[in-house]
Amino acid sequence: MLPPELFPGTIPPGTPAPRTDLLLPFHGVLAEPLGRSSYYVLERRDRTGAVEQRGVIGALSLHGVETGHVLRHQQVGESDVTLHTRLLQQRGGTIEPLLLAAPDLGSFQECIDRTIDEPVIQELKTPEGGIQRLWACDARWNADPPALPPVLLADGHHRLEAARRLHRAHPGAAGDRLLALVVDHRHFPLTLRATHRVVPGLDIGKAVRTASRIARVSERVGGRPLPLPPRGAFLLTGGGQAWGVSEISPTAMAGRLRFLPPEWVELPAAISDHVIIPMLCEDQGVVPAPRFTGQYPEPGEVGLILPPPTWDQIWSGAANGTGMPPKSTNLGPAPMPGMLARVG
């Protein structure tokens, strides 16, 4: 499935039909479920009052992956899946919803439009100075669940995979649904940023010299905020300064990327994690163990700032099954933690 704007007026070939059982009212997916099953509508506004996110909360079917209705764009790491499996077992579920992007909300659009005309049941201040609002949908939507077309999983890949494995191993004990927020991506697109790398143990001076042997390196003015690098380039940072890294040697790239999916060879996270960082670390005898962060590295840290991927790359990777390299994206905003735990 690809976003409808790429196919104006048409249905993308191979897109599964909407399903009424893909997102059901939220109930029974926690050890301590809410007082009544319901759909919920979430809206997030910025400090000026402008809507930056709107969507519906419900219980997502774990089988949506197999039917092609839940598209995953990120590969998972086994250690993180193991951690989330243990947390799900200990807690009996999760109160933090998965985040999914819907290019088309289907029949849920009417549900959302009608619900936001009713009184809110919760308002929370966001860290950015805005507000997040929550409504409980009318019970009539429970009796006739709306159909939902395919959606893109934006955040929660490890939680989803952990829940799927638990259900397969213990189908009678582990539920087949997980709490999820499906946002209206057509009208209020998710933000798309890169995940950056901090590399402990590197000497920035030596790193710059090594990078100069495999790429074009240009010094930039230090200070904050640093600019985002353009597509095909990176920022190597350290000691309060930043250097642009671009035009990486095709020979170095080919030798280190040949075992990866061919769709990855131009993606920033693959080049960062399989070419640049390993070569910098090998030259200094440092184990390449980067820390991943949505924030820029601090002035005293040596790190690599990545350009964000494009939505076309994300949707294409999700549709063809290759996904993106690990820690490629930072999509948001995520709903406020513990939101539904506060609802009586």
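Biologist: Is tyrosine 39 buried or exposed?

Modeller: This is a predicted model, in which local features need pLDDT of at least 70 and side-chain atom pairs count only at pLDDT 80 or more, while totals for chains, interfaces and linings use all residues. Residues are numbered from 1 along each chain as its sequence is written, and side-chain values use heavy atoms, with hydrogens and water left out. Buried means under 20% relative accessible area, exposed over 50%, and partly exposed in between, with a 1.4 Å probe and protein chains only. Tyrosine 39 has a relative accessible area of 0%, so it is buried.

Biologist: How many residues apart are tyrosine 39 and phenylalanine 108?

Modeller: Helices (H or I, at least four residues) and strands (E, at least two) are DSSP runs, numbered from the N terminus. Tyrosine 39 is in the loop between strand E1 (23-24) and strand E2 (40-45), and phenylalanine 108 is in helix H3 (residues 108-115). The pair links distant parts of the chain, 69 residues apart.

Biologist: Is proline 262 buried or exposed?

Modeller: Proline 262 is in the loop between helix H7 (250-257) and helix H8 (268-284). With a relative accessible area of 64%, proline 262 is exposed.

Biologist: Which helix gives the most to the lining of the largest pocket?

Modeller: A pocket, on a 1 Å grid over the protein atoms alone, is an open set of points where a 1.4 Å probe fits, with protein on both sides within 12 Å along at least five of seven lines; lining residues have an atom within 4 Å of a point. The largest pocket holds about 490 Å³ of space, and among its 24 lining residues the closest to its centre are Gln74, Asp155, His158, Lys327 and Thr329. Elements that each supply at least two lining residues include strand E8 (151-155) and helix H5 (157-169). The most, 4 residues, comes from H2.

Biologist: What percentage of the residues in the protein chain are buried?

Modeller: The protein chain has 9 helices and 17 strands. Of its 344 residues, the buried ones make up 50%.

How values were computed. Grid points are joined across faces, edges and corners, and a volume is the space filled by probe spheres set on the points.
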